[in-house]
Amino acid sequence: MAGVDRSSSIVEYFGGEAGYRCGYCKNVTGNLSHGMWAHSMTVQDYQDLIDRGWRRSGKYVYKPIMNQTCCPQYTIRCRPLHFQPSKSHKKVLKKMLKFLAKGDSPKVAGDEEPMDSHREDAVACSFVLKNESDISQSELKPLNVEETERVETEDNAEEELKKEVESEPPQTCADKDSAGSSERSDSAKLVHATPKPGKGADLSKPPCRKAKAIRKERKLHKLLQNQTHTLEGSPSQVEPQVLHSQNSKSKANQPKSIEDFIFVSLPDDAAHQLEFTRFLCDSPLEAENPPSGPDCGYGSFHQQYWLDGKIIAVGVIDVLPYCVSSVYLYYDPDYTFLSLGVYSALREIAFTRQLHEKASELCYYYMGFYIHSCPKMRYKGQYRPSDLLCPETYVWVPIEQCLPTLEHSKYCRFNQDLKAVDEGCIKELGQVRVLHKRTVMPYSVYKKRRKGPSDETSVQQYASLVGQTCSERMLLFRS
C-alpha cells in the first residue's frame, strides 16, 4: 500500500445502464452507455481507453453499450500519412482560398458535411475568448493563402479536365491504403456493397482515377520505351535522360496534398487574413512534455482561428502518444459558408503529420465516433484511409470491410476471426488498483477491509471495460 502518485489517473466509475435521450435518432431512452468521472488522467491512459471505445466530454468519460444502444457509435481513426483529400475536401480548401484572396463569399453554404460540435459538450470545457489586443504578434501564426492567379488557373484546369473525363469512361484501381492496417484480422475479407439511393458515395469501393492522369501515365510509358530503343547501346546516356523525364512527369502527375492548399504564399492585396493560435486548455488530461514527444507536448489544446483579428472558430483537440484526437468545435454561425467543420478537420490532419515528424509513433487522427445508423454522421468515412474499432476484440479494421455488414445490422463485430477474443481483458480482479481513504491498494486488500454490501460486480464491470492494463495503472476511487 502507498500514497497517491500525482502521475496516476484517478477515476470514479458510475456504471450507467439507465437509458437517456439520443441526440441522433431522438429516442427518449435509447442511448445507453457506461461512464466514469476523471478527476485526473494521464495521456497514456486516455490513449489506451479510446483504443477500447471510450471517449471524453470534458471530465466525463463514457463508453456506449454497443449491442444495446439505439445508435451504435464506432470509434474511427484516419491514417494521415496516407491521406489524400477528396474532391469535396479540395472544394472546401479552394473556397477558403478564394475567400481569403478575393473576398468571395457564397450566399449559400452548399453541400457541406455536418459539424460534429454538440453544444451540450461544449459547456464541459470552458474558456475565455481573447480579444486581438490580448494576443501578442508572436503567438499569431499566419495561415497563408495561394495567389489569386493560381487559384483561378486551377479552376480553369478543373473545367477542362471535366470535359476530357466526359469523353472517356472512368477507370478504377486497387486501394493500396486499405490494406495498410497491421492490426486487422488476417481472415478479414473485403466485400463490396452497392449503396442505397440517396446515401452518398459507396465507401466500400476505391476512388476513381482521373482519365487525364491515366493518359499521362500511358504517354510517359511510351516515351520511356522510345527513348530506351533510340539510345540502345549507350547505357550511360539512357539512364539520366529517362530519369529526368520520369521525375518531371511524376511530379506533375502527383495529386495535391492538404499542405499544398494551406501552406502557400499570401498575396499582398489579399482581402482577408486568417491566423492560427494554439493554447493548452483545462481538461482532466495531465500535460506532459517529454524530450521524445512533439514540440507542443501532450495534453488538451484549443486551436483558435482568427479572421482579420476576430475569432471565428475554436477547435478542441487532445494530443496523445499515438494520435491527435478531435474533441469538438465551436464556430461563428456567420461563417457557416466556409464549411469550418471540414476545414478544421483537414487542418488537424495536416497538424498530425507535422507532429509525426518529431514523434514518429504519433501517426493517427481520431475523429470520435462513426455512426452508420445516422446518415448525416457517415461523412467521417470520407476521410480515407480510415479504420473502425471492433467492439468485441478491439482491433482496427479498414472501414471498407465494415460497411457491407453495417448495411445489414447496426451492431457488428468487425473482426471476422470468430476465435479472436479481447486480448486486453481483465485476468486478475484482485490486481485492480483502488484509492481508498487516500491510500492506494490492490482490490484484493480493499475487499477485505470494505464494510457493507459487496461491490465486486461493479468493480468487475469497470475492469472488463477499461481492460487489464488500465485497471492496474489507474486508481479507482472508493469511498
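Start by selecting cysteine 323: with 0% relative accessibility, this residue counts as buried. Here, buried means under 20% relative accessible area, exposed means over 50%, and partly exposed is in between, using a 1.4 Å probe and protein chains only. This is a predicted model, where local features need pLDDT of at least 70, side-chain atom pairs count only at pLDDT 80 or more, and totals for chains, interfaces and linings use all residues. Residues are numbered from 1 along each chain as its sequence is written, and side-chain values use heavy atoms, with hydrogens and water left out.

**Cysteines**

The disulfide count comes to zero.

**Ring pairs**

Next, show the aromatic side chains. Rings of Phe, Tyr and Trp (its six-membered ring) pair if their centres lie within 6.5 Å; planes under 30 degrees apart count as stacked, over 60 as edge-to-face and the rest as tilted. How many aromatic pairs are there? The count is 11.

Zoom in on phenylalanine 99 and phenylalanine 337: their ring centres are 5.5 Å apart and their planes meet at 70°, so this pair is edge-to-face. It's a link between distant parts of the chain, 238 residues apart: phenylalanine 99 is in helix α2 (residues 87–102), while phenylalanine 337 is in the loop between β12 (323–331) and α8 (340–358). Those labels come from DSSP runs, numbered from the N terminus: helices are H or I with at least four residues, strands are E with at least two. Phenylalanine 99 is buried at 5%, and phenylalanine 337 is buried at 13%.

Then pick tyrosine 328 and tyrosine 330, another edge-to-face pair, 5.7 Å centre to centre with 85° between the planes. Tyrosine 328 is buried at 5%, and tyrosine 330 is buried at 14%.

For a cluster, select Tyr60, Tyr62 and Phe369, which are linked by ring pairs.

**Charges over rings**

Finish with two charges sitting over rings (NZ of Lys or CZ of Arg within 6 Å of the ring centre and within 35 degrees of the ring normal). Lysine 256 lies over the face of phenylalanine 261, 5.3 Å from the ring centre. Arginine 347 does likewise over phenylalanine 276, at 4.5 Å.

Notes: Disulfide = S-S within 2.5 Å.
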